[in-house]
Amino acid sequence: MDFPFPPPPPGMQTILIARWILTFWSVVGLVVLIWRMKHKQFLRPREMAYWLLATPVCGIVAFFGYSRFEQWDDNLWLLPAIVASLSVSVAGVTIGLSKLYVDGYWAGFTSSVADCFMAACIALPVLLFLAQPVMMPAVGSRRTSPVILCKINQRQLGMSMLMAAKEPQTFLPARQGRGPVSWRILILPHLDLTRIYKRYDQSHPWNHPQNDESSRAWVPEMTCPANYYKQATEGHWYSSFSMPTGPHTIGANPNGTPFSDISDGLTNTLLFVEASGAQIIWTEPRDVNVAIQPTGVNLNGNKPGHSAGWLSSYHRDNVNVILADGSARYLSNKIDPALLKKLATIDGGETIRADEDF
C-alpha cells in the first residue's frame, strides 16, 4: 500500500473535534453563569472551584504537548485547547467575582455598563479561541519561517563540511570506522558541538545503549523545522538531511571524496539533500542511495511519513539541497529526474543545458 508524502498534518480531525467540544462547553458554562446572574443567584464556592480547575487542565495538556510521544509532536490543536481553557477560566472567575460583589462594586454603575462588561467577558475569550486557526501559520507553506530556517540549517551543514574539508581538500566520508560512524557525528566539532561529539562512543554501533543518549540529543542543524514528525517513538531525533551515496556520488568513497575527483564541478554536484521521508536517526550511519532508491521528489512510501525516493521534504512544493560549493538551492518537485541524476554524480561528464536550469 502506498502512502502519499508528505503525510497530512497530525490530528486534523482531532483538531476540528476538539474545537467543537471546547466551544460547546465554553458556551454552556457561560450561559449558566449569565442565567445565574440574571436571576440574582450567587455563585457557590464549589462552582468557582470548577472554573479554577481549567488552569491545571491547561498545564496537563501542555505537558503532553512537550512529551516525546510522536503523536503529540507539533499537534495543532494543543495551542487552541490551552488558549480556550485559560480563556474560559478567566471569563468564569471574572464573571463569578462580579456576581459575588454585585451589591458592592456594581452599585454605582448603571445596568447597561454592567451588561457591557459581562458581554466582553464572554465575547473576548470566544473570539480569541475562534481566531486561533487564522493566527496559526499554515504547515508546509513557503511563506512560513520553518522553510527559511530549514535552508539556513542546511547551509550551515554545508559550510561546516567545507570547513572540515578545507585543509585536506577532501570531503568527509558518508561513514567510516568499525562502528561505522556517520558523517553527522564527524561534523559536530565544526558545528561547535564538541560536547556531543565527545559523548558519542565511536567504538560502539550507533544503536548501542552507550550511544542512546546521543540519539536523543537535539542538533538543530540536522532538522527541518517544517517537519512535523521530527522524532521516532523512542525519542530519537530524525535527520532531515542526507549525503547522496551510491556509485559516482560524493558519498561513494569510504575515505572521503577529494575535490579533484569532482570533475563535474562543485557547483553541479549535490553534497546534501533533504530526505525527511527516509526517517534516518541522526546518529545512524545511513544515507540515501541514488542507485537503489527511485529518483524523484516526495514519492509515495510504504508507510505513513515515509518516502521511497531519495529526495523528500515537508515543504510540499520544493526540496532544499546543498551543492558541493556550499550554496543552497531550491529544487521544484517537478524537476526532471534526468537532471537529478546528473547532479548526483561527481564525474559523469554530463552537460547541463541552459533549459535545465535548477
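1. Ser 240 sits in the loop that links strand E3 (238-239) to strand E4 (241-242). Helices (H or I, at least four residues) and strands (E, at least two) are DSSP runs, numbered from the N terminus. The model is predicted: local features need pLDDT of at least 70, side-chain atom pairs count only at pLDDT 80 or more, and totals for chains, interfaces and linings use all residues. Residues are numbered from 1 along each chain as its sequence is written, and side-chain values use heavy atoms, with hydrogens and water left out.

2. Ser 240 counts as buried because its relative accessibility is 1%; buried means under 20% relative accessible area (1.4 Å probe, protein chains only). A polar atom of the Ser 240 side chain lies 2.9 Å from the backbone nitrogen of Cys 224. Setting aside residues up to four places away in sequence, Ser 240 touches several residues, including Met 222, Asn 227, Val 273 and Ser 276. Contact here means heavy atoms within 4.5 Å.

3. Phe 171 belongs to the loop between helix H7 (145-166) and strand E1 (175-176). With a relative accessible area of 1%, Phe 171 is buried. Beyond its neighbours within four places in sequence, its contacts include Met 161, Leu 162, Ile 250, Phe 259 and Ala 324. Phe 171 and Gly 251 are 80 residues apart in sequence, yet their C-alpha atoms are 8.6 Å apart in space.

4. For the protein chain overall, there are eleven helices and eight strands. Of its 358 residues, 49% count as buried. Among contacts between residues at least 6 apart in sequence, 69% join residues at least 24 apart.

How values were computed
Buried means under 20% relative accessible area, exposed over 50%, partly exposed in between (1.4 Å probe, protein chains only). A polar contact is a pair of N or O atoms within 3.5 Å; within protein, one must be able to donate a hydrogen and the other to accept it, and residues adjacent in sequence count only if both atoms are side-chain atoms.
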